[in-house]
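User: I am new to this structure and would like to know what stands behind the terms used for it. Please go through them one at a time.

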Amino acid sequence: MTFEQYTLFAWGWIAVAVIVFIALLFITAPYGRHTKTTWGPLIDNKLGWFVMEFFVLAVLFFFLYKGTNTISLVNGIIVGFFALHYVNRSIIFPLRIQTNGKKMPLTITLMAMCFNLVNGFLIGYYLGEFVVYPVEWLLTPQFIIGTLIFAVGMFINWQSDNTLIHLRKPGETGYKIPQKGLFRYVSCPNLLGEVVEWAGFAILTWSLPGLAFFVWTFANLVPRAVSHHKWYQEKFPDYPKERKAVFPFIW
Ligand SMILES: NC(=O)c1ccc[n+]([C@@H]2O[C@H](COP(=O)([O-])OP(=O)(O)OC[C@H]3O[C@@H](n4cnc5c(N)ncnc54)[C@H](OP(=O)(O)O)[C@@H]3O)[C@@H](O)[C@H]2O)c1
């Protein structure tokens, strides 16, 4: 694939994300609290998380391995940031969540794998074939500012996931109103943290696949946060009125 073909494909993929964003404002993806039995066969929730999220790492490493570039220090650091997030999401997160006996539609796992296939390809192919970041990149404003934003986003994401996980005692599967930290301002700081994280990644790589990954994360997670927020308001009559869905004081 030439760089021109790759660029065209990546912009097309970003355009698809915009359509998906609009669609997800009307259709709620049926997993977690929104799980439905009308979306076909179900699989174990934890297994679903592992399969769909580990897949992106496998795809990324496949294209890095197949690529002609040698892995530079900076390319290695960028891959390391990505892998840090996805080792947590695919292995540590499913082992920690209290969702024993819960299921998710296989369709969701397969759809997420398609999303991860393209995104893993875009990042892996870019680093494996097109760009070797020089060591001087580490001192650019893009890398320094992007890395700070990435780290802040990851901290918010992990801390908020942790708060949610600890709302349940072992064996419990119901829901409570989270009250700690950024939950005072928004219903879904974990999703906010993830959006911030990938904005940081887009800045620190200053790249088209980084931008595509951010746009796709935004398109998936902002509508999901809006759905979670509506769900909380319907389920809990005493839900805090001032709390927003995902962006404090805004939305
Ligand atoms: N990059 C992407 O496109 C993408 C897409 C999806 C998710 N993610 C990430 O994956 C993580 C999980 O996403 P999610 O939307 O599934 O998060 P979530 O609905 O907030 O759930 C996270 C975990 O906490 C439990 N939980 C949530 N609210 C609770 C409450 N009020 N009381 C008790 N337990 C509660 C959930 O249990 P149940 O499963 O039983 O509801 C689940 O185990 C997030 O960090 C998100 O950023 C990323």
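User: In which segment does phenylalanine 249 lie?

Analyst: Phenylalanine 249 lies in the segment after helix 7. The model is predicted, so local features need pLDDT of at least 70 and side-chain atom pairs count only at pLDDT 80 or more, while totals for chains, interfaces and linings use all residues. Residues are numbered from 1 along each chain as its sequence is written, and side-chain values use heavy atoms, with hydrogens and water left out.

User: Why is phenylalanine 249 called exposed?

Analyst: Its relative accessible area is 67%. Exposed means over 50%, buried means under 20%, and partly exposed is in between, with a 1.4 Å probe and protein chains only. Phenylalanine 249 is therefore exposed. Its phi is near 65°, a positive value in a residue other than glycine.

User: What makes tryptophan 206 count as exposed?

Analyst: The relative accessibility of tryptophan 206 is 56%, so it counts as exposed. Tryptophan 206 is in the loop between helix 6 (189-205) and helix 7 (208-235). Tryptophan 206 also has a positive phi, about 45°, although it is not a glycine.

User: Why does asparagine 45 count as buried?

Analyst: Asparagine 45 has 5% relative accessibility, and therefore counts as buried. Asparagine 45 is found in helix 2, residues 45-66. With neighbours within four places in sequence left aside, asparagine 45 is in contact, meaning heavy atoms within 4.5 Å, with Ile97, Thr99, Lys102, Lys103 and Met104.

User: How do you know that helix 2 and helix 3 are roughly antiparallel?

Analyst: The axes of helix 2 and helix 3 (residues 73-96) cross at roughly 160° and come within 8 Å. Axes are lines fitted to C-alpha atoms, for helices over the stretch in contact, and angles run from 0 to 180 degrees between N-to-C directions. Angles under 35 degrees count as roughly parallel, over 145 as roughly antiparallel, 65 to 115 as roughly perpendicular and the rest as oblique. Helix 2 and helix 3 are therefore roughly antiparallel.

User: Which residues of helix 2 and helix 3 meet, and how do they divide into nonpolar, polar and charged?

Analyst: From helix 2 the residues include Trp49, Phe50, Leu57 and Leu64, and from helix 3 they include Val79, Phe82, Tyr86 and Leu95. The residues of this contact divide into 17 nonpolar, one polar and three charged. Ala, Val, Leu, Ile, Met, Phe, Trp, Tyr, Cys and Pro count as nonpolar, Asp, Glu, Lys and Arg as charged, and the others, Gly among them, as polar.

User: Why is tyrosine 86 called buried, and what does it touch?

Analyst: Tyrosine 86 has a relative accessible area of 3%, so it is buried. Tyrosine 86 lies in helix 3. Residues up to four places away in sequence not counted, tyrosine 86 touches Glu53, Val56, Leu57, Ile91, Trp198 and Phe213. The C-alpha atoms of tyrosine 86 and leucine 57 are separated by 6.9 Å, and these residues are 29 apart along the chain.

User: What makes helix 3 and helix 5 roughly parallel?

Analyst: The axes of helix 3 and helix 5 (residues 141-165) cross at roughly 5° and come within 12 Å. Helix 3 and helix 5 are therefore roughly parallel to each other. Among the residues that make the contact are Phe81, His85 and Arg89 of helix 3, and Phe150, Trp158 and Asp161 of helix 5. By class, the contact of helix 3 with helix 5 has nine nonpolar, five polar and three charged residues.

User: Why is isoleucine 14 called buried?

Analyst: The relative accessible area of isoleucine 14 is 8%, so this residue is buried. Isoleucine 14 lies in helix 1, residues 3-24. Leaving aside neighbours within four places in sequence, isoleucine 14 is in contact with Leu208, Leu211, Ala212 and Val215.

User: How many helices and strands does the protein have, and why is it called as compact as a globular protein of its length?

Analyst: The protein has seven helices and two strands. The radius of gyration, taken over C-alpha atoms, is set against the globule rule of 2.2 Å times the number of residues to the power 0.38. The protein has a radius of gyration of 19 Å, close to the 18 Å that the rule gives for 251 residues, so it is as compact as a globular protein of that length. Buried residues make up 50% of the 251 residues.

Note on methods
Helices (H or I, at least four residues) and strands (E, at least two) are DSSP runs, numbered from the N terminus.
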